[in-house]
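Hi,

Here is the structure I promised to pass on. Open it up first, then read on for what turned up in it.

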Amino acid sequence: MPHSLSTQDVTSPSGLLLVLAVLVPFIGVLAGMVLGGRGAQRVAFVILAAGLAIAIAIANALVQSGDTVVYILGGWAPPLGVALRADGLAVIMLLAIAVVIGGIGVYARADFGTPPGVREARAPLMFWLLLLAVWGSLNLVFVSGDLFTLYVALELLTFAGVPLVSLGGQPETLRSALRYLLYALFGSVLYLLGAVLLYGAYGTLDILLLAARVHPEPVTWAAAALMTVGLLAKTALFPLHLWLPPAHAGAPAAASAVLSGLVIKGSWFLAVRLWLDVFAGVVTLPSAQMLAALGAAAILVGNIVALRQARLKLLIAYSTVAQIGYLFLMFPLATGLAAAQIDSTAAVNGGMLQAISHATAKAAMFMAAGLIYTTLGHDRIADLRGVARALPMTLVAFALGGASLIGLPPSGGFLAKWLLVSVAITTAQWWWVLVMLVGGLLTSAYVFIVVVRAMAPPSEGWTPRARVPYYQQVAVLALALCSFLLGMAAFCPVDVARIGRAVVPEIGWP
Amino acid sequence: MNAPTLFGLCAAALVGVGLYGLIVNPQPLRKILAFNLIGCGVFLLFGAIARRGAAVGMGGDPVPQALLITGIVVAFSATALAVALVLRLFDETGSVTLASDAPAKAQADPPDA
Amino acid sequence: MTLALAVDISLTLLVLAVAGWIIAVRDTFAAVIGFVAYGLLLALIWVRLAAPDVALTEAAIGGGLTGALLIGAAGRLRKTEAATRAEYPGVLIRTLAAILAVTVTAALAVGVLALPDPAPTLAPAAVASLATTGVGNPVTAVLLAFRSMDTLLEAIVVLLALLGVWSLAPDRAWGGYPGPRHHADPDGILAYLARLLPPIGIIVGLYIFWIGADLPGGKFQGATILAAMWLLVIEAGLADTPPISRTWLRVLLVTGPLVFIAIGFAGSITAGAVLAYPEGYAKPLIIAIEIALMPTLVLTLALLVAGAPQRMPPQ
């Protein structure tokens with residue numbers, strides 16, 4: 001059922017902020033390239049603050065105007081030109097990403113500072129430039145209203161994410177990075193193929209115009225299938241998940257946080273955007289069920305394999321594989337509600353909450369694992385004793401992040417699962433409830449194991465291998481608290497996700 | 001059967017051939033070649049669509065043609081990044097296998113094939 | 001069956017045959033050579049599809065630069081042929097892959113045949129707005145006026161790929177020279193060509209860049225030719241790649257996108273929207289953007305082929 005989206009295509013008063021949200025991080029990359037070394041790090045911190053301010057300003061503009069924030073680039077309206085649009089969903093993601101990147105930036109200051117006496121070092125410079133590039137690409141994914149611009153955004157995201165995997169330079173990470181790149185390129189080319197078919201059939205690449213013109217026919221089904229499979233490969237949904245665990249586990253801790261927490265969300269958001277907006281009248285409930293079935297498989301496989309891991313970073317990476325499965329449970333729930341002509345906002349809210357609570361929690365957990373590695377010199381789960389004594393704040397942060405993944409109140413994960421479960425019951429799709437319960441149980445098993453091992457007292461006379469700066473632990477705890485307290489969003493007075501997405505049930509839709 | 005339809009079907013076949021090569025060939029450089037084949041297939045399809053959009057005295061729809069130029073450049077840069085990764089992997093380990101259980105250290109060169 | 005259709009059918013069959021050969025042939029080096037031929041055949045197909053700009057780009061970048069990149073890599077990886085051949089998958093995977101490939105091809109073929117007639121097109125809209133942009137080539141108008149954001153992002157994408165390639169340098173070689181130092185016989189044919197061709201190539205490249213405003217051509221094709229000339233000089237050992245720590249290199253690399261962004265934001269003040277052009281100034285601004293982007297593109301394209309830094313930085 002096509003949602004009636006905001007039909008005005010005129011630049012909003014504060015629309016320029018959308019352009020800034022996209023271009024300011026890239027200006028930072030360009031400036032950082034020239035300034036080099038420590039200059040790049042300083043530029044990055046300036047951009048971290050500026051970008052967060054821009055995201056808050058966009059959120060403010062959205063809530064004040066009560067409608068989508070639009071910007072028509074160059075004054076050329078679609079279909080000839082390109083428009084940037086930020087509705088409630090996009091703004092939520094913009095804000096969440098800005099906060100998480102801020103936390104990662106603060107944390108990474110210790111790991112990726114240019115060593116004294118050296119004018120410029122490879123890994124530090126590259127990290128800051130790639131961090132900004134990931135941010136700009138993600139913002140572009142969230143606000144772009146044109147399918148080809150979104151393709152370029154996906155490529156930007158890939159080129160920024162792949163070098164993060166091999167940032168450490170070890171041979172195994174090179175192999176993981178190459179595998180990731182091949183999967184990602186495969187995904188983008190399938191996505192482009194779908195977009196090309198849509199242009200051939202409907203003569204436009206603009207999301208709003210396509211939403212109005214699209215109707216169910218073979219070309220559209222083929223395009224939807226191709227684009228979805230392509231985005232699934234980039235989001236590492238089972239069974240296309242094989243590239244993710246070695247890639248995310250092998251990267252340096254801050255880079256893993258970016259990859260698991262943020263980069264994955266880009267292609268997922270695009271899939272949501274396509275299914276909710278462009279293909280709303282085309283996708284059927286059975287196809288959405290198939291997508292969620294893959295998600296359920298991901299939850300089971302990911303959690304079970306995570307339980308068997310010996311190393312902490314690999315455990316967290318497999319946990320990501322499982323959590324990605326949750327992100328796709330919202331698809332049949334949103335479609336099911338639409339079929340029953342009930343407002344599907346609850347399911348969409350659940351999916352969004354799941355995404356940002358995972359982003360914050362997973363970033364915190366990977367960064368915590370990095371601190372544990374620095375302190376112990378290894379990350380073997382069996383030998384984690386002493387961590388509670390040496391890094392109490394970090395262990396609490398890990399536990400809070402884990403609680404959000406399990407779905408304990410008042411975390412964002414709890415609220416997300418609550419919303420999804422209630423929708424599942426309303427639409428009589430109770431089997432997803434079972435999947436979420438089992439997933440929660442399995443997740444709690446390995447979080448429990450890690451925390452218990454870490455709380456064991458250290459052996460006699462053990463001292464930490466290295467001291468980690470206080471602010472790193474604070475950054476990790478701050479992000480974990482964000483995830484843990486996200487459930488309070490239930491008390492938010494404004495239903496942000498709904499802005500710009502007025503639902504008009506169509507009578508007689510089969 | 002006019003030119004755009006013919007080349008559109010050709011594009012479909014190219015995508016299939018490239019897909020087969022991507023899955024089957026274990027050598028990363030061959031996978032990169034296969035990916036380029038798929039990409040060219042997609043571009044060819046877009047070009048056929050552009051030709052079908054000929055109107056007002058022009059030979060083709062200029063919007064897809066412009067986007068194709070962008071696409072070709074992006075595909076080249078993707079190939080460059082992938083090739084750089086393969087070469088670096090070779091420099092570090094002496095082999096370019098993508099299997100996860102490969103040795104991590106460089107070995108003595110195998111005898112020339 | 002008209003002559004044109006016969007030519008099209010022959011081109012199609014040839015391209016499919018070469019594509020099949022690329023996938024099936026055992027030697028990687030041979031496959032890469034086939035790929036270069038494939039690129040040139042595609043360029044011919046673009047001409048048949050009335051897309052001369054795309055034909056130029058495909059021949060230059062798709063066939064030329066990509067071919068050079070892959071030939072260099074295939075040469076270096078010759079020793080790994082035997083080892084990877086041992087990993088060739090069994091019959092089951094190959095059958096499944098073939099089924100998948102056939103399914104996708106069939107689905108696409110159905111899609112192609114199901115495309116609507118008359119085809120929806122943006123050509124009338126583009127031509128109607130062409131006059132305000134001041135350029136005569138509609139493809140250039142789309143690239144630098146109607147959808148200039150995509151071109152700006154593309155310049156950034158290429159730069160980002162270069163950063164990714166640089167990040168693969170070993171730590172000891174950071175800031176150093178990309179690629180190996182080439183030496184060629186000073187009396188040999190390569191050195192001779194490297195002295196003869198660049199002046200001609202530079203003129204041709206600049207010409208193609210300049211006429212892109214009104215005729216097929218443009219900055220991508222022109223920049224590729226200039227980059228190729230530079231690479232030729234480097235290959236012959238007459239010049240060396242610049243160390244990536246050089247400030248002039250970094251500045252030239254970022255100038256293009258920065259000027260583009262600056263003109264874009266200026267447009268929000270003078271013409272009411274970012275990346276819009278004020279009345280009557282469209283063509284000069286477009287040319288300014290293209291001129292600013294040329295050094296960036298030449299350097300980026302050439303350095304993408306040159307590869308990651310391998311030799312120590314200058315002291």
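Arg250(C) makes a salt bridge with Glu120(A), and their closest N and O atoms are 2.8 Å apart. Keep in mind that this is a predicted model. On the side of chain C that touches chain A, the elements giving two or more residues are α5 (91–113), α6, α7, α8 (148–166) and α11 (247–270) of chain C. The largest share, twelve residues, comes from α8(C). Sorted by class, that side has 34 nonpolar, eight polar and four charged residues. The contact as a whole takes 46 residues from chain C and 50 residues from chain A. It buries about 4,400 Å², with carbon and sulfur atoms giving 77% of that.

Now for chain B and chain C. Their contact takes 77 residues from chain B and 90 residues from chain C, and they bury about 7,500 Å² between them, 79% of it on carbon and sulfur atoms. The most comes from α3(B), with 24 residues. By class, that side has 52 nonpolar, 17 polar and eight charged residues.

Next, have a look at one helix in chain A. Helix α6 of chain A (residues 171–202) has 32 residues and reaches 47 Å from its first C-alpha to its last, close to the 46 Å expected. Why is α6(A) largely enclosed by the rest of the structure? Because 30 of its 32 residues are buried. Just after α6(A), Gly203(A) takes a positive phi of about 75 degrees.

Last stop: Asn137(C), in the loop between α6 (123–133) and α7 (138–146) of chain C. Is Asn137(C) buried or exposed? Its relative accessibility is 5%, so Asn137(C) counts as buried, the cut-off being under 20%. A polar atom of its side chain lies 3.1 Å from the backbone nitrogen of Val139(C). Leaving out residues up to four places away in sequence, Asn137(C) touches several others, including Asp53(C), Leu130(C) and Pro216(C).

Cheers

Methods: Residues numbered from 1 in each chain as written. Chains lettered and ligands numbered in written order. Predicted model: local features only at pLDDT ≥ 70, side-chain atom pairs only at ≥ 80, totals over all residues. Heavy atoms only, no water. Contact = heavy atoms within 4.5 Å. Buried area = accessible area lost by both parts, 1.4 Å probe. Helix = DSSP H or I, 4+ residues; strand = E, 2+ residues; numbered from the N terminus. Nonpolar A, V, L, I, M, F, W, Y, C, P; charged D, E, K, R; others polar. Buried < 20%, exposed > 50% of the residue type's maximum accessible area, 1.4 Å probe, protein only. Polar contact = N/O pair within 3.5 Å; in protein donor to acceptor, adjacent residues only side chain to side chain. Expected span 1.5 Å × (residues − 1). Salt bridge = Lys/Arg side-chain N within 4 Å of Asp/Glu carboxyl O.
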